[in-house]
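Have the viewer open and follow along.

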Amino acid sequence: MEMLSAIVPLLLMFAIFYFLLIRPQQKRQKKIQQMHSSLQKGDKIITIGGMHGTIDALDEDRIIVAVDNGSKLTFDRQAVRDVTNRD
């Protein structure tokens, strides 16, 4: 009986930790992965560094972003923070 009373609080703490920290982080990560996999040419994006531009070309790992002055920059696909032209 004493063993059970020592294990129950540990299990309760783990459950709280899981539902407050681990599960929400996994949901956010899944949403980000879906956004990265659905990138398309012509999408207006913001990179994690704050660069705004439009996707000009993309392959499996990288994207080429056209910026306002006509320059084209290459980024890793994971560098995209947000797609701004989707609702």
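## Around D43

The side chain of D43 puts a polar atom 2.9 Å from the backbone nitrogen of Q40. That's a polar contact here, a term for a pair of N or O atoms within 3.5 Å; within protein, one must be able to donate a hydrogen and the other to accept it, and residues adjacent in sequence count only if both atoms are side-chain atoms. D43 itself sits in the loop between α1 (2-37) and β1 (44-47). Its relative accessibility is 6%, so D43 counts as buried. For that label the cut-offs are under 20% relative accessible area for buried, over 50% for exposed, and partly exposed in between (1.4 Å probe, protein chains only).

A word on the ground rules: this is a predicted model, where local features need pLDDT of at least 70, side-chain atom pairs count only at pLDDT 80 or more, and totals for chains, interfaces and linings use all residues. Residues are numbered from 1 along each chain as its sequence is written, and side-chain values use heavy atoms, with hydrogens and water left out.

## The overall layout

The chain has one helix and five strands, and reading along the sequence gives α-β-β-β-β-β. Helices (H or I, at least four residues) and strands (E, at least two) are DSSP runs, numbered from the N terminus.

What radius of gyration does the chain have? The value is 21 Å, whereas a compact globule of 87 residues would come out near 12 Å. That radius is taken over C-alpha atoms, and the globule rule is 2.2 Å times the number of residues to the power 0.38. Along its principal axes, the C-alpha trace spans about 70 × 20 × 20 Å. Buried residues account for 20% of the 87.

H36 lies in helix α1 and, at 9% relative accessibility, counts as buried. Its side chain reaches the backbone oxygen of V80 at 2.9 Å. Setting aside neighbours within four places in sequence, H36 is in contact (heavy atoms within 4.5 Å) with R77, Q78 and V80.

R28 is also found in α1, but R28 is partly exposed at 48% relative accessible area. The side chains of R28 and Q25 make a polar contact of 2.9 Å.

V83 belongs to strand β5 (residues 80-83) and is buried at 9% relative accessibility. Beyond neighbours within four places, V83 is in contact with M35, L39, D43, K44 and I45.

R62 lies in strand β3 (residues 62-66) and counts as partly exposed at 46%. Leaving out neighbours within four places, R62 is in contact with T74, F75, D76 and R77.
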